[in-house]
Amino acid sequence: YTGKESEEVMTSKVRNILVSEVQSVPILIKQDTSIYEAIVKMFLEDVGTLYAIDEEQSLVGVISRKDLLRGTMGSNDIEKVPVSVIMTRKPNITICYPNDLLIYAANQLIEKQIDSLPVVEEHDGVDKVIGRVTKTTITRAFVNLME
Ligand code: ADP
């Protein structure tokens, strides 16, 4: 390849990566989990975002590090207050689908100024969370292409 050609190959490779090819494992908690338990979970699983689900296993909330920090401020009893009080809820959750292009998900992260997107599969009215796209996911995909 000439420089120009390999650039074009690279660009078309980047454009064609699907979310499903690079997504990582989502960490899910029930929406009645306490703020305290959520903090423990975030450390144990070594992630920056947790997703809250309801009894039907459907996505109902996003919990970020700053959400948990906010939850520990004020007079909250963090062993009692559930994450449902502090999480970002529908319809304000930005999601993506396994068949979306990774470049679309990357754009959403920039546009919405967030660190991650849940990857969702809808069936029978249930939004099942099957993955997670983060800034790390995108950086890894980028590095893999270069190597
Ligand atoms: P942090 O707050 O730890 O810096 P984020 O930048 O991801 O992490 O989160 C900023 C805010 O955006 C938080 O209130 C969080 O709940 C919310 N948020 C994070 N991811 C999403 C998402 N996919 N859809 C909607 N809101 C989100």
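How many residues line the largest pocket, and which of them lie nearest its centre? The largest pocket is lined by 27 residues, with Thr49, Ser64, Ile114, Asp115 and Ser116 nearest its centre. This is a predicted model, so to speak: local features need pLDDT of at least 70, side-chain atom pairs count only at pLDDT 80 or more, and totals for chains, interfaces and linings use all residues. Residues are numbered from 1 along each chain as its sequence is written, and side-chain values use heavy atoms, with hydrogens and water left out.

**The overall build**

- You'll find six helices and six strands in the protein; these are DSSP runs numbered from the N terminus, with helices being H or I of at least four residues and strands E of at least two.
- Starting at the N terminus, the order of elements is α-α-β-α-β-β-α-β-α-β-β-α.
- Taken along the principal axes, the C-alpha atoms fill a box of roughly 65 × 35 × 25 Å.

**The largest pocket**

- A pocket here is an open set of points on a 1 Å grid over the protein atoms alone, where a 1.4 Å probe fits and protein lies on both sides within 12 Å along at least five of seven lines; lining residues have an atom within 4 Å of a point.
- The volume of the largest pocket is about 600 Å³, counted as the space filled by probe spheres set on the points, which are joined across faces, edges and corners.
- S3, H4, S5, strand S6 (126–134) and helix H6 (135–146) each give the lining at least two residues.
- Sorted by class, that lining has five nonpolar, twelve polar and ten charged residues; Ala, Val, Leu, Ile, Met, Phe, Trp, Tyr, Cys and Pro count as nonpolar, Asp, Glu, Lys and Arg as charged, and the others, Gly among them, as polar.

**The ligand**

- The ligand takes up the space of the largest pocket, meaning more than half of its atoms lie within 2 Å of the grid points.
- Strand S3 (59–64), helix H4 (65–72) and strand S5 (116–123) are the elements that give two or more residues to the shell around the ligand, and H4 gives the most, with four.
- There are 16 residues around the ligand, the closest being Ser64, Asp67, Thr88, Thr94 and Asp115; to count, a residue needs a heavy atom within 4 Å.
- Ligand oxygen atoms are 2.8 Å from a side-chain N or O atom of Ser64 and 2.4 Å from one of Asp67.

- Lys90 and Pro91 are joined by a cis peptide bond, with omega about 0°.
- Pro91 sits in the loop between strand S4 (88–89) and helix H5 (102–112).
- Gln113, in the loop between H5 and S5, has a positive phi of about 55° although it is not a glycine.
- Most residues other than glycine have a negative phi, and most peptide bonds are trans.

Notes:
A polar contact is a pair of N or O atoms within 3.5 Å; within protein, one must be able to donate a hydrogen and the other to accept it, and residues adjacent in sequence count only if both atoms are side-chain atoms.
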